[in-house]
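These are my notebook entries on one protein model. I looked up a few items and wrote down what I found.

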Amino acid sequence: MFFTALNLHLYRTWQIFNANFGSLRLFGEQIAQVADGLDRQSVSEMAEVLADVFDDPQEEVEAELLEFLPSLDELELYPNFAERPDVREALQYFKDRRFKARVLQWALENPRKGHKLAQAWADCFSEPPAHGLLLRRSALVSLVGTLEILVESLFLGYYCYVEAGNIVQGEAQGLKAYQQTEKAMGGGWRRRIERFDELGINLAVIQDYLDELVEIAQRRNTIVHNQGVIDADYMNRSPASYQPAGAKKGLMLVVSTRYLERAFDVVLLIAFGLSQACWRQWQREKSQKQADRVIETLIYQTLRQGRYELVQALALVTERIDLSWRLRQLVLVNAAIAWRERGDKANMQLVLTRLKKRACGWQTKIALAILRENSLEAHRLMKQAADKGKLHQYISPYWPLFEPVKSEPWFKNLFDVSEHDKMPRRKK
């Protein structure tokens with residue numbers, strides 16, 4: 001009964017994280033892109049007005065505006081315009097009395113254009129184009145929060161079920177578990193994660209990502225507590241190797257699209273590795289079917305999404321987890337598919353070499369034939385499985401493995417139209 005309760009707790013912990021994470025990733029990718037597009041549209045609209053006012057080509061005006069209102073999509077630090085000679089020169093020119101007098105005279109002589117110019121500047125500076133920047137910041141703050149919820153739930157699972165001596169106790173024990181969890185969550189992220197070592201968890205499974213997570217968390221704290229402006233806390237507590245080049249006190253941190261995508265990957269790898277390590281350590285004497293299913297589903301869906309580098313990173317995390325050979329085969333096959341899709345057949349072959357050293361299941365044999373571009377052998381093996389009633393039951397036609405052969409007549413015959421209309425099945 002104890003292991004059933006713990007297993008259910010760990011499974012729900014992962015499901016909650018996965019749901020929150022997936023929704024947040026969609027928000028971070030889609031909404032920020034839309035906001036960046038709207039920001040660029042605002043610049044274009046302003047350029048159109050200025051081009052009309054000064055009778056200049058719109059393309060030239062827009063290019064000049066973008067120098068003052070650059071896209072922050074690839075930057076890690078907000079640019080300090082005051083340090084640019086051309087900007088300093090322009091600002092000095094704007095402050096010159098003769099310039100102000102000329103602008104005033106021009107406005108009196110061209111009232112329509114004067115009002116149009118004033119309105120354009122008012123629209124720009126009342127709501128400057130920074131929507132994408134702000135939304136990516138919000139996504140990063142929420143992302144760290146989703147990991148915090150998962151870690152807190154893992155601690156609670158330990159103190160409620162494992163430390164309780166495998167016996168679910170009463171209200172007093174539950175209160176004690178919550179108090180222990182609150183204490184364990186104290187301190188920074190490094191100390192928080194390292195406490196799992198005291199609970200019997202081998203942190204080697206996530207050690208490669210811990211420094212990066214600490215910087216992500218510190219960037220989040222700087223955004224929440226200091227408007228993103230770098231302070232002593234960020235400089236002292238963030239690993240120097242993960243700070244942006246040129247970081248120093250007083251500069252403002254930016255959450256670029258590239259940085260946010262990497263932060264999502266790091267958080268997922270930490271959450272996946274840590275939850276799997278806890279799952280297998282705390283109930284290692286019992287069935288691991290649900291923990292195995294999480295690995296199967298996550299790697300398969302990640303491959304389907306075309307996140308090939310992440311598939312390979314997930315596979316590397318599982319190298320430090322004790323898996324059955326049946327599941328290890330599947331992980332290796334999906335890693336090999338990811339290498340193939342990235343155009344790196346040399347690394348794909350290295351993965352396949354590991355599979356040749358041991359006896360493999362029929363699904364793996366099919367995968368090996370396709371990855372080796374042996375269509376005749378793949379067709380033979382798949383038809384054999386279909387004749388036994390196993391092909392449709394255990395293999396999905398949506399598996400990216402089949403990309404090179406999915407248009408072949410023999411493949412279409414094996415997976416007919418009605419089969420394609422169904423949702424992908426979980427592979428075994």
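Is the crossing of helix 13 and helix 14 left-handed or right-handed? I found that helix 13 and helix 14 cross in the left-handed sense. A crossing is left-handed if the near helix is turned anticlockwise from the far one by less than a right angle, and right-handed if clockwise. On the helix 13 side, the contact (heavy atoms within 4.5 Å) is made by Y308, V311, Q312, A315 and T318. On the helix 14 side, R328, V331, N334, A335, A338, W339 and E341 make the contact.

**Entry: source notes.** I noted that this is a predicted model, in which local features need pLDDT of at least 70 and side-chain atom pairs count only at pLDDT 80 or more, while totals for chains, interfaces and linings use all residues. Residues are numbered from 1 along each chain as its sequence is written, and side-chain values use heavy atoms, with hydrogens and water left out.

**Entry: the whole chain.** I read off 20 helices and zero strands in the protein chain. Helices (H or I, at least four residues) and strands (E, at least two) are DSSP runs, numbered from the N terminus. The chain has 428 residues, and 45% of them count as buried. Buried means under 20% relative accessible area, exposed over 50%, and partly exposed in between (1.4 Å probe, protein chains only). I also looked at contacts with a separation of 6 or more, and 69% of these join residues 24 or more positions apart.

**Entry: helix pairs.** Two packed helices are described by the angle between their axes and the distance between the axes. Axes are lines fitted to C-alpha atoms, for helices over the stretch in contact, and angles run from 0 to 180 degrees between N-to-C directions. Angles under 35 degrees count as roughly parallel, over 145 as roughly antiparallel, 65 to 115 as roughly perpendicular and the rest as oblique.

I went back to helix 13 (residues 308-318) and helix 14, which pack at an angle of about 150° with their axes 9 Å apart. That angle is why helix 13 is roughly antiparallel to helix 14.

Next I took helix 12 (residues 289-304) and helix 14, whose axes come within 11 Å and cross at roughly 10°. Helix 12 is therefore roughly parallel to helix 14. In helix 12, D292, I295, E296, I299 and L303 meet residues of helix 14, among them R326, L327 and L330.

W189, R190 and I193 of helix 8 meet L210, D211, L213, V214 and A217 of helix 9.

**Entry: helix 15.** Which residues of helix 15 are buried? They are M348, V351, L352 and L355. These four cover an arc of only 100° around the axis, so they lie on the same side of helix 15. The arc is that of the directions from the helix axis to the C-beta atoms. On the other side of helix 15, I found A346, L350 and K356 exposed. The cover over the buried residues includes helix 14 (325-341) and helix 16 (362-371).

**Entry: helix 9 and what follows.** Helix 9 has 20 residues and reaches 29 Å from its first C-alpha to its last, close to the 28 Å expected. Its buried residues include Y209, L210 and E212. Just after helix 9, Q227 takes a positive phi of about 55°. Q227 sits in the loop between helix 9 (207-226) and helix 10 (232-237). Its relative accessibility is 56%, so Q227 counts as exposed.

**Entry: E373.** I found another positive phi, near 65°, at E373, a residue other than glycine. E373 lies in the loop between helix 16 and helix 17 (375-387). E373 is exposed, with a relative accessible area of 58%.

Entry: R25 belongs to helix 1 (residues 2-54) and counts as buried at 8% relative accessibility. Not counting residues up to four places away in sequence, R25 touches E261, F264, D265, R307 and L310. L154 belongs to helix 6 (residues 131-162) and counts as buried at 1% relative accessibility. L154 and H9 are 145 residues apart in sequence, and their C-alpha atoms are 8.6 Å apart in space.

Methods. Expected span 1.5 Å × (residues − 1).
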